[in-house]
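Please examine the sequence and the three-dimensional model shown below.

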Amino acid sequence: MKFSLNFTTDYGQFYLNDKDAGDTGSEDFWSDEALNDKLAVEKGILGISIENSEGIVKCELEILNSKSLISDFSDFDHVVEASLEIKTGFLQINDCPFSNLVLEEKIEIGIYRVRVYFKNLESAYSENPEDFYKIEIWKDIF
């Protein structure tokens, strides 16, 4: 399943999370490491940092049946991965800070691997920002 999303957010971030899960108020959520990685991780929620100051998110979410086949990252400015546990069976994308629902999709309960690709970051501060965020998620098999 693939979803093309175009929405606005504030504070340079948005969330990928299990429904009704996660605490973004933790002191550790946007740690120095998370800021550097452009990805904050807490139980049940990931914070994805965007580059442009307008809060415009152009994003693609793809739910895969198996591990991503992308192994050449040269077309991207930055790539980062983390795990996300889905306990409710609903994956959500929410804006910040109001947690307005952008997308909700029913998926199988379990632990997922999430990879975020950042592209065109150099254009983020132009009059027409073209920064783009591709998110892939697949069930993590141990």
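The structure holds zero disulfides, a disulfide being a pair of cysteine sulfur atoms within 2.5 Å. In general terms, a disulfide is a covalent bond that links the sulfur atoms of two cysteines. C59 takes part in no disulfide, and the nearest cysteine sulfur, belonging to C96, is 15 Å away. For C96, the closest cysteine sulfur is in turn that of C59, and 15 Å is too far for a bond. C59 is buried, with a relative accessible area of 2%, and C96 is buried as well, at 4%. Here buried means under 20% relative accessible area, exposed means over 50%, and partly exposed lies in between, with a 1.4 Å probe and protein chains only.

Two remarks on the source are needed at this point. The model is predicted, so that local features need pLDDT of at least 70 and side-chain atom pairs count only at pLDDT 80 or more, whereas totals for chains, interfaces and linings use all residues. Residues are numbered from 1 along each chain as its sequence is written, and side-chain values use heavy atoms, with hydrogens and water left out.

The strands may be considered next. Strands (E, at least two residues) are DSSP runs numbered from the N terminus, and two of them pair if DSSP finds at least two bridges between them. H78 has F118 in β9 as its bridge partner.

Another open sheet of five strands has the order β3-β4-β2-β7-β8, and its pairing is antiparallel. Here β3 and β8 (101-106) are the edge strands, each pairing on one side only. With direction ignored, neighbouring strands of this sheet are turned by 15° against each other on average. Strand β3 (residues 39-42) pairs with strand β4 (residues 45-49) over four bridges in the antiparallel sense, and E42 stands opposite I45 in β4. These two strands form a hairpin with two residues between them, and G44 in the turn has a positive phi of about 85°. On the other hand, β4 also pairs with strand β2 (residues 13-18), antiparallel and over five bridges; F14 stands opposite I48 in β4.

Which residues touch the most other members of the largest nonpolar core? Among its 29 residues, they are F14, L16, L91 and I135. A nonpolar core is a set of buried Ala, Val, Leu, Ile, Met, Phe, Trp, Tyr and Cys residues joined through side-chain atoms within 4.5 Å. At least two residues of this core come from each of β1, β2, β4, β5 (56-63), β6, β7 (90-94), β9 and β10 (132-139). A second, separate core of six residues includes Y15, A40, I45 and C96.Some individual residues complete the picture. F132 lies in strand β10 and is partly exposed, with a relative accessible area of 28%. Its C-alpha atom is separated by 6.0 Å from that of F118, 14 residues apart along the chain. Q92 is found in strand β7 and is buried, with a relative accessible area of 8%. The side chain of Q92 makes a polar contact with the side chain of N94 at 3.2 Å; a polar contact is a pair of N or O atoms within 3.5 Å, of which, within protein, one must be able to donate a hydrogen and the other to accept it, and residues adjacent in sequence count only if both atoms are side-chain atoms.

The loops also deserve attention. P97 lies in the loop between β7 and β8, and a cis peptide bond with omega of about 5° joins C96 and P97. Y11, in the loop between β1 and β2, has a phi near 60°, a positive value in a residue other than glycine. Y11 is exposed, with a relative accessible area of 63%.

How values were computed:
Axes fitted to C-alpha atoms, helices over the stretch in contact; angles between N-to-C directions.
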